[in-house]
Amino acid sequence: MNLENIDIEILSEKRDISCFSCGEKDIDEFIHTEAMIFQNERLGVTYLFFYEKQLIGFVTLSMADLRKRKMDENDKLPIGRENYPALQISQLAVCKDLQVNYCLLYTSDAADEEDSVDLGGRRIIKKKKKN
């Protein structure tokens, strides 16, 4: 797959995304029924990724903040702000046909998972793909 052939566009009501599936029920439901509402309410923006006119994935980005009071003292910047602005990956998915061996599941309640990466209160968990 040549990455130069990937087109990116912002989700619009005109775009038919009904055939997209990443295989995760909650994420599929989000892109099919909630993403446009989320975007219309200006809570975030969903970017669609196309390869040869086929929808291969999407990401929804939203604004968030990092709470200074919850941070380790060594991580705090010497600025007069109570919170730091941050960009949050609210949803992330790759179409089921392109997933190889495992997929990434983004969640905030992953503290019990052994195979995860700490992202300051959020974690990315590597889940084996269901056959």
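## Basis of the description

Residues are numbered from 1 along each chain as its sequence is written, and side-chain values use heavy atoms, with hydrogens and water left out. Because the model is predicted, local features need pLDDT of at least 70 and side-chain atom pairs count only at pLDDT 80 or more, while totals for chains, interfaces and linings use all residues.

## Overall fold

Helices (H or I, at least four residues) and strands (E, at least two) are DSSP runs, numbered from the N terminus. Read from the N terminus, the order of the elements is β-α-β-β-β-β-β-β.

Of the 131 residues in the protein chain, 27% are buried. Buried means under 20% relative accessible area, exposed over 50%, and partly exposed in between (1.4 Å probe, protein chains only). The chain exposes about 9,800 Å², and 49% of this comes from carbon and sulfur atoms. Accessible areas come from the Shrake-Rupley method with a 1.4 Å probe, and for residues only the protein chains shown count as cover. Among contacts (heavy atoms within 4.5 Å) between residues at least 6 apart in sequence, 50% join residues at least 24 apart.

## The nonpolar core

In soluble globular proteins, nonpolar side chains tend to be buried together. A nonpolar core is here a set of buried Ala, Val, Leu, Ile, Met, Phe, Trp, Tyr and Cys residues joined through side-chain atoms within 4.5 Å. The largest such core in this model has 17 residues, and Phe20, Ile31, Leu48 and Phe58 have the most contacts inside it. Helix 1 (25-40), strand 2 (45-51) and strand 3 each supply at least two of its residues. Helix 1 gives the most to this core, with five residues.

Apart from neighbours within four places in sequence, Ile31 is in contact with Ile17, Phe20, Thr46, Leu48 and Phe58. Ile17 is placed in the loop between strand 1 and helix 1 and is buried, with a relative accessible area of 10%. Not counting residues up to four places away in sequence, Ile17 touches Leu11, Ile31, His32, Leu48 and Leu55. Ile17 and Gln54 are 37 residues apart along the chain, and their C-alpha atoms are separated by 9.7 Å.

## Aromatic rings

A pair of aromatic rings is described by the distance of the centres and the angle of the planes. Rings of Phe, Tyr and Trp (its six-membered ring) pair if their centres lie within 6.5 Å; planes under 30 degrees apart count as stacked, over 60 as edge-to-face and the rest as tilted. The count comes to three aromatic pairs. In one of them, Phe30 and Phe38 are edge-to-face, at 5.9 Å centre to centre and 75° between the planes.

Phe30 and Phe58 have ring centres 6.5 Å apart and planes at 20°, so this pair is stacked. Phe30 lies in helix 1 and Phe58 in strand 3, so the pair ties together parts that are 28 residues apart in sequence. Both Phe30 and Phe58 are buried, with Phe30 at 6% relative accessibility. One aromatic cluster is formed by Phe20, Phe30, Phe38 and Phe58.

## Cysteines

A disulfide is a covalent bond between the sulfur atoms of two cysteines. With a cut-off of 2.5 Å between the two sulfur atoms, the structure holds zero disulfides. The cysteine sulfur closest to that of Cys19 is in Cys95, 9.5 Å away and so too far for a bond. Cys19 is exposed, at 72% relative accessibility, whereas Cys22 is buried, at 5%.

Gln39 lies in helix 1 and is buried, with a relative accessible area of 13%. A polar atom of its side chain lies 2.8 Å from the backbone nitrogen of Thr46. Leaving out residues up to four places away in sequence, Gln39 touches Ile10, Leu11, Gly44, Val45 and Thr46.

Thr60 belongs to strand 3 (residues 54-67) and is buried, with a relative accessible area of 0%. Beyond neighbours within four places in sequence, the contacts of Thr60 include Phe30, Phe38, Val45 and Gln88. Asp7 is in strand 1 (residues 6-10). Neighbours within four places aside, Asp7 is in contact with Leu48, Phe49 and Phe50. Asp7 and Lys53 are 46 residues apart in sequence, with 8.1 Å from C-alpha to C-alpha.

Key: Polar contact = N/O pair within 3.5 Å; in protein donor to acceptor, adjacent residues only side chain to side chain.
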